[in-house]
Amino acid sequence: MTEVKSEPGTDAADAAAASFPWPIHEAVLDNGLRVVVSPDPTTPIAAVNLWYDVGSRHEPAGKHGFAHLFEHLMFEGSAHVAKGEHFEWVTAAGGAGINATTNPDRTNYFQVMPTAQLELALWLEADRMGSLALTQETLDNQREVVKNERRQRYDNPPYGRWVEYAFELAFPEGHPYHHTTIGSMEELQDAALEDFQDFNAVYYSPNNAVLTVAGDVDPDEVVRLAEKYFGGIRPHGAIPPAPDGTLPQLKIGETRRRVEPDETVPRPMTFFMFRAPDTRDDSFAAVEVLAAVLGRGRGSRLYRKLVTEKNLAQREEAYTSVWGFAYGASAFIGLFSPRDGVEAAEVEREFVAVLDGLADASAPVSEAELDRAKALLTSDWLRAVGELGGRADTLGQYATLERDPKAVREYLPRLEAVTAEDVQRAAALILPEDNRVVVEYVTPGTATEDDAAEEAAA
(Lines give C-alpha, C1' and ligand atoms only; values in the text may rest on other atoms or scores of the structure.)
Protein backbone atom coordinates (compact mmCIF):
# COMPACT_ATOMS: atom_id res chain seq x y z
CA MET A 1 0.00 0.00 0.00
CA THR A 2 1.11 3.56 -0.66
CA GLU A 3 2.76 5.03 2.41
CA VAL A 4 0.97 7.93 4.04
CA LYS A 5 3.46 10.57 5.12
CA SER A 6 2.29 12.18 8.35
CA GLU A 7 3.72 15.19 10.07
CA PRO A 8 5.97 14.96 13.10
CA GLY A 9 4.07 15.45 16.28
CA THR A 10 3.35 19.07 17.17
CA ASP A 11 0.94 20.29 19.78
CA ALA A 12 -2.12 22.29 18.84
CA ALA A 13 -0.57 25.56 19.99
CA ASP A 14 2.35 25.15 17.61
CA ALA A 15 0.05 24.32 14.72
CA ALA A 16 -2.26 27.23 15.52
CA ALA A 17 0.71 29.58 15.64
CA ALA A 18 1.51 28.44 12.12
CA SER A 19 -2.04 29.53 11.12
CA PHE A 20 -3.41 26.11 10.18
CA PRO A 21 -4.23 23.99 13.27
CA TRP A 22 -5.15 20.78 11.44
CA PRO A 23 -2.92 17.84 10.51
CA ILE A 24 -1.80 17.42 6.89
CA HIS A 25 -1.00 13.97 5.50
CA GLU A 26 0.35 13.29 2.02
CA ALA A 27 0.69 10.28 -0.25
CA VAL A 28 1.47 9.71 -3.93
CA LEU A 29 -0.04 6.79 -5.84
CA ASP A 30 2.03 4.81 -8.30
CA ASN A 31 0.29 6.58 -11.20
CA GLY A 32 1.34 9.99 -9.87
CA LEU A 33 -1.91 11.11 -8.22
CA ARG A 34 -1.09 13.18 -5.15
CA VAL A 35 -3.41 12.69 -2.17
CA VAL A 36 -3.63 15.26 0.64
CA VAL A 37 -5.71 14.53 3.73
CA SER A 38 -6.52 16.88 6.61
CA PRO A 39 -8.53 15.07 9.29
CA ASP A 40 -10.92 16.98 11.53
CA PRO A 41 -13.31 14.89 13.65
CA THR A 42 -15.46 17.79 14.81
CA THR A 43 -18.12 17.36 12.10
CA PRO A 44 -19.16 14.06 10.42
CA ILE A 45 -18.64 15.34 6.88
CA ALA A 46 -15.82 15.28 4.32
CA ALA A 47 -14.92 17.87 1.70
CA VAL A 48 -13.54 16.33 -1.49
CA ASN A 49 -11.63 18.60 -3.85
CA LEU A 50 -9.78 17.61 -7.01
CA TRP A 51 -7.39 20.13 -8.56
CA TYR A 52 -6.14 19.61 -12.10
CA ASP A 53 -3.02 21.53 -13.04
CA VAL A 54 -4.60 23.02 -16.14
CA GLY A 55 -6.18 26.41 -16.73
CA SER A 56 -6.47 28.92 -19.51
CA ARG A 57 -2.75 29.69 -19.32
CA HIS A 58 -2.03 26.17 -20.64
CA GLU A 59 -4.02 26.72 -23.83
CA PRO A 60 -1.96 26.98 -27.02
CA ALA A 61 -2.80 29.44 -29.78
CA GLY A 62 -6.00 28.47 -31.54
CA LYS A 63 -7.43 26.59 -28.54
CA HIS A 64 -8.48 29.35 -26.19
CA GLY A 65 -11.37 28.29 -23.99
CA PHE A 66 -10.57 24.56 -23.85
CA ALA A 67 -9.91 24.49 -20.09
CA HIS A 68 -13.20 26.18 -19.26
CA LEU A 69 -15.16 24.02 -21.68
CA PHE A 70 -13.79 20.93 -19.95
CA GLU A 71 -15.21 22.19 -16.67
CA HIS A 72 -18.59 21.68 -18.33
CA LEU A 73 -17.74 18.45 -20.17
CA MET A 74 -16.74 16.73 -16.94
CA PHE A 75 -20.40 16.71 -15.89
CA GLU A 76 -21.59 15.12 -19.16
CA GLY A 77 -21.21 11.56 -17.96
CA SER A 78 -18.64 8.77 -17.88
CA ALA A 79 -18.50 4.99 -18.24
CA HIS A 80 -20.74 4.27 -15.25
CA VAL A 81 -22.41 7.64 -14.65
CA ALA A 82 -24.95 9.06 -17.09
CA LYS A 83 -25.19 12.73 -18.01
CA GLY A 84 -26.27 14.76 -14.99
CA GLU A 85 -26.11 11.81 -12.62
CA HIS A 86 -23.05 13.08 -10.78
CA PHE A 87 -25.23 15.77 -9.24
CA GLU A 88 -28.02 13.27 -8.57
CA TRP A 89 -25.74 10.76 -6.84
CA VAL A 90 -24.22 13.42 -4.60
CA THR A 91 -27.46 15.06 -3.55
CA ALA A 92 -29.24 11.71 -3.03
CA ALA A 93 -26.42 10.73 -0.65
CA GLY A 94 -26.86 13.91 1.40
CA GLY A 95 -23.99 15.76 -0.23
CA ALA A 96 -23.92 19.43 -1.17
CA GLY A 97 -21.75 22.16 -2.60
CA ILE A 98 -20.99 20.26 -5.80
CA ASN A 99 -19.48 22.50 -8.45
CA ALA A 100 -16.35 23.32 -10.45
CA THR A 101 -14.38 26.42 -11.40
CA THR A 102 -11.68 27.34 -13.90
CA ASN A 103 -9.11 30.11 -13.69
CA PRO A 104 -5.90 30.83 -15.60
CA ASP A 105 -3.84 28.46 -13.43
CA ARG A 106 -6.10 25.49 -12.64
CA THR A 107 -9.47 23.72 -12.82
CA ASN A 108 -11.03 22.25 -9.67
CA TYR A 109 -14.01 20.02 -8.86
CA PHE A 110 -15.53 19.75 -5.41
CA GLN A 111 -18.33 18.48 -3.21
CA VAL A 112 -19.01 18.02 0.51
CA MET A 113 -20.33 14.61 1.59
CA PRO A 114 -21.38 12.87 4.79
CA THR A 115 -18.31 10.94 5.90
CA ALA A 116 -20.11 7.66 5.30
CA GLN A 117 -20.46 8.63 1.62
CA LEU A 118 -16.81 9.51 1.01
CA GLU A 119 -16.30 6.38 -1.06
CA LEU A 120 -19.11 7.40 -3.41
CA ALA A 121 -17.50 10.81 -4.04
CA LEU A 122 -14.13 9.25 -4.84
CA TRP A 123 -15.73 6.71 -7.18
CA LEU A 124 -17.58 9.48 -9.04
CA GLU A 125 -14.44 11.58 -9.45
CA ALA A 126 -12.34 8.60 -10.55
CA ASP A 127 -14.92 7.44 -13.06
CA ARG A 128 -14.92 10.73 -14.92
CA MET A 129 -11.14 11.09 -14.70
CA GLY A 130 -10.66 7.66 -16.26
CA SER A 131 -13.59 7.35 -18.65
CA LEU A 132 -15.13 10.69 -19.60
CA ALA A 133 -17.98 10.34 -22.10
CA LEU A 134 -16.49 12.73 -24.62
CA THR A 135 -18.56 12.44 -27.78
CA GLN A 136 -19.54 14.76 -30.59
CA GLU A 137 -22.98 15.12 -29.01
CA THR A 138 -21.67 16.13 -25.59
CA LEU A 139 -19.13 18.47 -27.15
CA ASP A 140 -21.69 20.22 -29.35
CA ASN A 141 -24.08 20.53 -26.42
CA GLN A 142 -21.53 22.13 -24.10
CA ARG A 143 -20.21 24.44 -26.79
CA GLU A 144 -23.69 25.93 -26.93
CA VAL A 145 -23.81 26.16 -23.14
CA VAL A 146 -20.51 28.06 -23.09
CA LYS A 147 -21.70 30.38 -25.86
CA ASN A 148 -24.75 31.19 -23.76
CA GLU A 149 -22.56 31.71 -20.69
CA ARG A 150 -20.46 34.16 -22.65
CA ARG A 151 -23.55 36.10 -23.67
CA GLN A 152 -24.76 36.20 -20.05
CA ARG A 153 -21.44 37.13 -18.43
CA TYR A 154 -19.53 39.12 -21.07
CA ASP A 155 -21.48 40.24 -24.12
CA ASN A 156 -24.85 41.32 -22.72
CA PRO A 157 -24.27 42.74 -19.19
CA PRO A 158 -23.20 46.36 -18.81
CA TYR A 159 -19.40 46.63 -18.69
CA GLY A 160 -19.21 42.87 -19.28
CA ARG A 161 -16.18 42.92 -21.55
CA TRP A 162 -13.96 45.27 -19.55
CA VAL A 163 -11.84 42.44 -18.20
CA GLU A 164 -11.16 41.11 -21.71
CA TYR A 165 -10.10 44.54 -22.88
CA ALA A 166 -7.90 45.02 -19.82
CA PHE A 167 -6.08 41.70 -20.10
CA GLU A 168 -5.47 42.27 -23.80
CA LEU A 169 -3.83 45.61 -22.98
CA ALA A 170 -1.98 44.49 -19.85
CA PHE A 171 -0.38 41.33 -21.28
CA PRO A 172 1.18 40.94 -24.73
CA GLU A 173 -0.22 38.73 -27.48
CA GLY A 174 0.77 35.13 -26.82
CA HIS A 175 1.21 35.62 -23.06
CA PRO A 176 -0.76 33.00 -21.06
CA TYR A 177 -2.72 35.76 -19.26
CA HIS A 178 -3.52 37.74 -22.40
CA HIS A 179 -6.90 36.03 -22.78
CA THR A 180 -9.72 35.24 -20.34
CA THR A 181 -10.87 31.77 -19.35
CA ILE A 182 -14.09 32.04 -21.39
CA GLY A 183 -11.88 31.86 -24.48
CA SER A 184 -12.76 32.35 -28.11
CA MET A 185 -16.12 31.12 -29.35
CA GLU A 186 -14.73 30.90 -32.88
CA GLU A 187 -11.81 28.71 -31.80
CA LEU A 188 -14.07 26.47 -29.73
CA GLN A 189 -16.46 26.10 -32.66
CA ASP A 190 -13.71 25.33 -35.16
CA ALA A 191 -11.94 22.71 -33.03
CA ALA A 192 -12.50 19.05 -33.83
CA LEU A 193 -13.57 16.37 -31.37
CA GLU A 194 -10.08 14.88 -31.60
CA ASP A 195 -8.58 18.15 -30.31
CA PHE A 196 -10.66 17.88 -27.15
CA GLN A 197 -9.92 14.18 -26.74
CA ASP A 198 -6.20 14.96 -26.90
CA PHE A 199 -6.62 17.75 -24.34
CA ASN A 200 -8.45 15.35 -22.04
CA ALA A 201 -5.83 12.62 -22.37
CA VAL A 202 -2.96 14.98 -21.56
CA TYR A 203 -4.27 17.17 -18.75
CA TYR A 204 -6.98 15.06 -17.08
CA SER A 205 -4.42 12.52 -15.98
CA PRO A 206 -3.71 11.31 -12.42
CA ASN A 207 -0.14 12.60 -12.59
CA ASN A 208 -1.54 16.09 -13.26
CA ALA A 209 -3.98 16.16 -10.34
CA VAL A 210 -4.19 16.59 -6.57
CA LEU A 211 -6.97 14.93 -4.57
CA THR A 212 -7.64 16.70 -1.27
CA VAL A 213 -9.98 15.44 1.45
CA ALA A 214 -10.68 17.42 4.63
CA GLY A 215 -13.00 16.39 7.43
CA ASP A 216 -13.91 13.47 9.66
CA VAL A 217 -11.78 10.92 7.84
CA ASP A 218 -8.90 8.55 8.47
CA PRO A 219 -5.87 9.32 6.25
CA ASP A 220 -4.99 5.66 5.70
CA GLU A 221 -8.56 4.89 4.66
CA VAL A 222 -8.66 7.84 2.25
CA VAL A 223 -5.48 6.63 0.57
CA ARG A 224 -6.81 3.07 0.43
CA LEU A 225 -9.95 4.29 -1.31
CA ALA A 226 -7.93 6.51 -3.63
CA GLU A 227 -5.85 3.51 -4.65
CA LYS A 228 -9.01 1.44 -5.12
CA TYR A 229 -10.69 3.90 -7.48
CA PHE A 230 -7.91 6.01 -9.00
CA GLY A 231 -5.03 3.54 -8.89
CA GLY A 232 -5.94 1.80 -12.13
CA ILE A 233 -6.03 4.97 -14.21
CA ARG A 234 -2.98 5.19 -16.42
CA PRO A 235 -0.92 8.38 -16.23
CA HIS A 236 0.00 10.46 -19.24
CA GLY A 237 3.67 10.07 -20.07
CA ALA A 238 4.67 13.73 -20.17
CA ILE A 239 2.59 16.78 -19.31
CA PRO A 240 3.64 19.62 -21.62
CA PRO A 241 4.61 22.81 -19.80
CA ALA A 242 2.38 25.84 -20.05
CA PRO A 243 3.51 28.69 -22.28
CA ASP A 244 6.18 30.73 -20.55
CA GLY A 245 4.65 33.55 -18.51
CA THR A 246 7.97 35.28 -17.79
CA LEU A 247 7.91 38.96 -18.71
CA PRO A 248 10.98 41.02 -19.70
CA GLN A 249 9.90 43.40 -16.96
CA LEU A 250 6.95 43.44 -14.61
CA LYS A 251 5.78 46.91 -15.61
CA ILE A 252 3.75 47.46 -18.76
CA GLY A 253 5.96 50.42 -19.70
CA GLU A 254 3.23 53.01 -20.28
CA THR A 255 -0.38 53.89 -19.59
CA ARG A 256 -2.71 52.16 -22.04
CA ARG A 257 -6.27 53.39 -22.38
CA ARG A 258 -9.37 52.15 -24.14
CA VAL A 259 -12.53 54.25 -24.27
CA GLU A 260 -15.81 52.44 -24.90
CA PRO A 261 -18.80 54.61 -25.90
CA ASP A 262 -21.80 52.53 -24.80
CA GLU A 263 -25.36 53.78 -24.61
CA THR A 264 -26.51 50.60 -22.86
CA VAL A 265 -24.56 51.12 -19.63
CA PRO A 266 -26.47 52.82 -16.80
CA ARG A 267 -23.68 55.30 -16.03
CA PRO A 268 -20.02 55.93 -16.82
CA MET A 269 -17.48 53.64 -15.17
CA THR A 270 -13.70 53.50 -15.29
CA PHE A 271 -11.64 50.34 -14.68
CA PHE A 272 -7.93 50.09 -13.98
CA MET A 273 -5.54 47.16 -14.24
CA PHE A 274 -1.89 47.03 -13.19
CA ARG A 275 0.61 44.19 -13.41
CA ALA A 276 1.64 42.95 -9.98
CA PRO A 277 3.99 40.24 -8.69
CA ASP A 278 2.63 36.71 -8.84
CA THR A 279 1.39 34.81 -5.79
CA ARG A 280 4.65 32.91 -5.37
CA ASP A 281 6.69 36.11 -5.05
CA ASP A 282 7.88 37.00 -1.56
CA SER A 283 6.25 40.42 -1.88
CA PHE A 284 2.74 39.16 -2.65
CA ALA A 285 1.50 39.49 0.94
CA ALA A 286 2.44 43.19 0.76
CA VAL A 287 0.49 43.47 -2.51
CA GLU A 288 -2.61 42.09 -0.77
CA VAL A 289 -2.17 44.56 2.08
CA LEU A 290 -1.76 47.39 -0.45
CA ALA A 291 -5.08 46.50 -2.10
CA ALA A 292 -6.85 46.55 1.26
CA VAL A 293 -5.28 49.86 2.32
CA LEU A 294 -6.03 51.51 -0.97
CA GLY A 295 -9.50 50.37 -1.80
CA ARG A 296 -11.27 47.91 0.47
CA GLY A 297 -14.25 49.14 2.43
CA ARG A 298 -15.22 52.41 4.02
CA GLY A 299 -11.95 52.79 5.87
CA SER A 300 -9.87 52.60 2.70
CA ARG A 301 -8.12 55.59 1.15
CA LEU A 302 -10.16 55.61 -2.02
CA TYR A 303 -13.48 55.44 -0.21
CA ARG A 304 -12.53 58.16 2.23
CA LYS A 305 -11.25 60.47 -0.51
CA LEU A 306 -13.75 59.86 -3.31
CA VAL A 307 -16.91 59.19 -1.29
CA THR A 308 -16.66 60.48 2.27
CA GLU A 309 -14.59 63.64 1.75
CA LYS A 310 -15.41 64.79 -1.79
CA ASN A 311 -18.65 62.97 -2.63
CA LEU A 312 -17.46 62.25 -6.18
CA ALA A 313 -18.00 58.51 -6.62
CA GLN A 314 -20.78 56.00 -6.11
CA ARG A 315 -20.46 54.42 -2.69
CA GLU A 316 -20.25 50.80 -3.78
CA GLU A 317 -17.87 51.45 -6.64
CA ALA A 318 -14.54 52.93 -5.58
CA TYR A 319 -12.18 50.14 -4.70
CA THR A 320 -9.14 48.03 -5.54
CA SER A 321 -8.41 44.32 -5.38
CA VAL A 322 -5.80 41.85 -6.58
CA TRP A 323 -6.39 38.77 -8.70
CA GLY A 324 -3.58 36.47 -7.74
CA PHE A 325 -2.00 34.39 -10.50
CA ALA A 326 0.92 32.07 -9.89
CA TYR A 327 3.16 32.40 -12.94
CA GLY A 328 4.82 35.63 -14.02
CA ALA A 329 2.40 38.30 -12.84
CA SER A 330 -0.91 38.97 -11.13
CA ALA A 331 -3.56 41.54 -11.96
CA PHE A 332 -4.11 44.44 -9.55
CA ILE A 333 -7.44 46.08 -10.37
CA GLY A 334 -9.42 49.15 -9.42
CA LEU A 335 -12.54 50.96 -10.51
CA PHE A 336 -14.80 53.91 -9.84
CA SER A 337 -18.12 55.23 -11.06
CA PRO A 338 -18.82 58.98 -10.78
CA ARG A 339 -21.90 60.24 -9.00
CA ASP A 340 -24.60 61.83 -11.12
CA GLY A 341 -23.49 65.24 -12.37
CA VAL A 342 -19.79 64.57 -11.75
CA GLU A 343 -17.38 64.25 -14.65
CA ALA A 344 -15.39 61.03 -14.81
CA ALA A 345 -12.23 63.01 -15.52
CA GLU A 346 -12.55 64.82 -12.18
CA VAL A 347 -12.95 61.54 -10.29
CA GLU A 348 -10.02 60.02 -12.16
CA ARG A 349 -7.75 62.91 -11.15
CA GLU A 350 -8.57 62.31 -7.49
CA PHE A 351 -8.30 58.53 -7.91
CA VAL A 352 -4.86 58.83 -9.45
CA ALA A 353 -3.77 61.32 -6.80
CA VAL A 354 -4.48 58.68 -4.15
CA LEU A 355 -2.44 56.15 -6.11
CA ASP A 356 0.42 58.60 -6.51
CA GLY A 357 0.46 59.43 -2.82
CA LEU A 358 1.23 55.81 -2.04
CA ALA A 359 3.55 55.25 -5.01
CA ASP A 360 5.83 58.22 -4.27
CA ALA A 361 5.56 57.90 -0.47
CA SER A 362 4.26 61.44 -0.12
CA ALA A 363 1.36 59.92 1.84
CA PRO A 364 2.91 56.87 3.52
CA VAL A 365 0.95 53.99 5.02
CA SER A 366 0.07 54.53 8.66
CA GLU A 367 0.23 51.85 11.34
CA ALA A 368 -3.54 52.11 11.73
CA GLU A 369 -4.04 51.44 8.01
CA LEU A 370 -1.58 48.55 8.16
CA ASP A 371 -3.33 46.98 11.15
CA ARG A 372 -6.76 47.38 9.58
CA ALA A 373 -5.67 45.74 6.31
CA LYS A 374 -4.03 42.82 8.10
CA ALA A 375 -7.14 42.30 10.22
CA LEU A 376 -9.35 42.16 7.12
CA LEU A 377 -7.07 39.69 5.33
CA THR A 378 -6.67 37.53 8.44
CA SER A 379 -10.44 37.39 8.81
CA ASP A 380 -10.76 36.33 5.16
CA TRP A 381 -8.21 33.57 5.69
CA LEU A 382 -9.77 32.23 8.87
CA ARG A 383 -13.22 32.13 7.28
CA ALA A 384 -11.86 30.25 4.28
CA VAL A 385 -9.92 27.57 6.15
CA GLY A 386 -12.44 27.36 8.97
CA GLU A 387 -14.97 25.84 6.57
CA LEU A 388 -14.16 22.32 5.33
CA GLY A 389 -14.77 23.05 1.66
CA GLY A 390 -12.52 26.10 1.81
CA ARG A 391 -9.89 24.15 3.74
CA ALA A 392 -9.74 21.38 1.14
CA ASP A 393 -9.61 23.93 -1.66
CA THR A 394 -6.82 25.90 0.00
CA LEU A 395 -4.76 22.75 0.49
CA GLY A 396 -5.31 21.88 -3.18
CA GLN A 397 -4.10 25.35 -4.12
CA TYR A 398 -0.86 25.06 -2.19
CA ALA A 399 -0.25 21.48 -3.28
CA THR A 400 -0.76 22.37 -6.95
CA LEU A 401 0.73 25.84 -7.30
CA GLU A 402 3.31 25.80 -4.50
CA ARG A 403 3.99 22.05 -4.83
CA ASP A 404 3.73 21.78 -1.05
CA PRO A 405 0.43 21.69 0.87
CA LYS A 406 2.22 22.44 4.13
CA ALA A 407 3.13 25.85 2.75
CA VAL A 408 -0.43 26.73 3.73
CA ARG A 409 0.97 27.35 7.21
CA GLU A 410 3.18 30.16 6.00
CA TYR A 411 0.39 32.52 4.94
CA LEU A 412 -0.48 34.27 8.20
CA PRO A 413 3.12 34.59 9.39
CA ARG A 414 4.02 36.19 6.05
CA LEU A 415 1.05 38.52 6.32
CA GLU A 416 1.91 39.50 9.87
CA ALA A 417 5.50 40.25 8.86
CA VAL A 418 4.49 42.85 6.26
CA THR A 419 5.66 46.35 7.19
CA ALA A 420 4.52 49.77 6.05
CA GLU A 421 7.77 49.99 4.10
CA ASP A 422 6.96 46.73 2.29
CA VAL A 423 3.58 48.13 1.25
CA GLN A 424 5.16 51.35 0.02
CA ARG A 425 7.65 49.38 -2.08
CA ALA A 426 4.79 47.40 -3.61
CA ALA A 427 2.94 50.65 -4.35
CA ALA A 428 6.02 52.17 -6.00
CA LEU A 429 6.32 49.11 -8.23
CA ILE A 430 2.67 48.61 -9.18
CA LEU A 431 0.83 51.94 -9.18
CA PRO A 432 2.83 54.44 -11.30
CA GLU A 433 1.53 55.61 -14.65
CA ASP A 434 3.96 53.40 -16.59
CA ASN A 435 2.07 50.35 -15.35
CA ARG A 436 -1.57 51.29 -15.92
CA VAL A 437 -4.34 50.05 -18.15
CA VAL A 438 -7.50 52.16 -18.16
CA VAL A 439 -10.80 51.00 -19.67
CA GLU A 440 -13.37 53.79 -19.60
CA TYR A 441 -17.05 53.32 -20.40
CA VAL A 442 -18.71 56.54 -21.45
CA THR A 443 -22.39 57.25 -22.00
CA PRO A 444 -23.96 59.64 -24.52
CA GLY A 445 -23.10 63.18 -23.55
CA THR A 446 -19.90 62.30 -21.70
CA ALA A 447 -17.77 61.73 -24.79
CA THR A 448 -18.25 61.50 -28.52
CA GLU A 449 -17.25 58.51 -30.60
CA ASP A 450 -14.54 60.63 -32.21
CA ASP A 451 -13.16 61.53 -28.78
CA ALA A 452 -13.15 57.85 -27.83
CA ALA A 453 -11.41 56.80 -31.03
CA GLU A 454 -8.72 59.46 -30.57
CA GLU A 455 -8.07 58.42 -26.97
CA ALA A 456 -8.02 54.72 -27.86
CA ALA A 457 -5.53 55.37 -30.65
CA ALA A 458 -3.34 57.37 -28.29
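Because the model is predicted, local features need pLDDT of at least 70 and side-chain atom pairs count only at pLDDT 80 or more, whereas totals for chains, interfaces and linings use all residues.

Arg143 belongs to helix α5 (residues 136-155), a helix being a DSSP run of H or I with at least four residues, and a strand a run of E with at least two, numbered from the N terminus. At 6% relative accessibility Arg143 counts as buried (under 20% relative accessible area, with exposed over 50% and partly exposed in between, for a 1.4 Å probe and protein chains only).

Next, select Phe230, which together with Leu211 touches the most other members of the largest nonpolar core, a set of 84 residues (buried Ala, Val, Leu, Ile, Met, Phe, Trp, Tyr and Cys joined through side-chain atoms within 4.5 Å). Colour helix α4 (residues 118-131), which gives the most to this core, with 7 residues. Domain 1 (3-230) and domain 2 (255-457) both contribute residues, so the core lies between them; these bounds come from an automatic or database domain assignment.

Finally, show strands β1 (residues 25-28) and β2 (residues 34-39), which pair in the antiparallel sense over 4 bridges (pairing requires at least two DSSP bridges). Ala27 stands opposite Val35 in β2, and Gly32, in the turn of this hairpin, has a positive phi of about 95 degrees.

Conventions:
Residues numbered from 1 in each chain as written. Heavy atoms only, no water.
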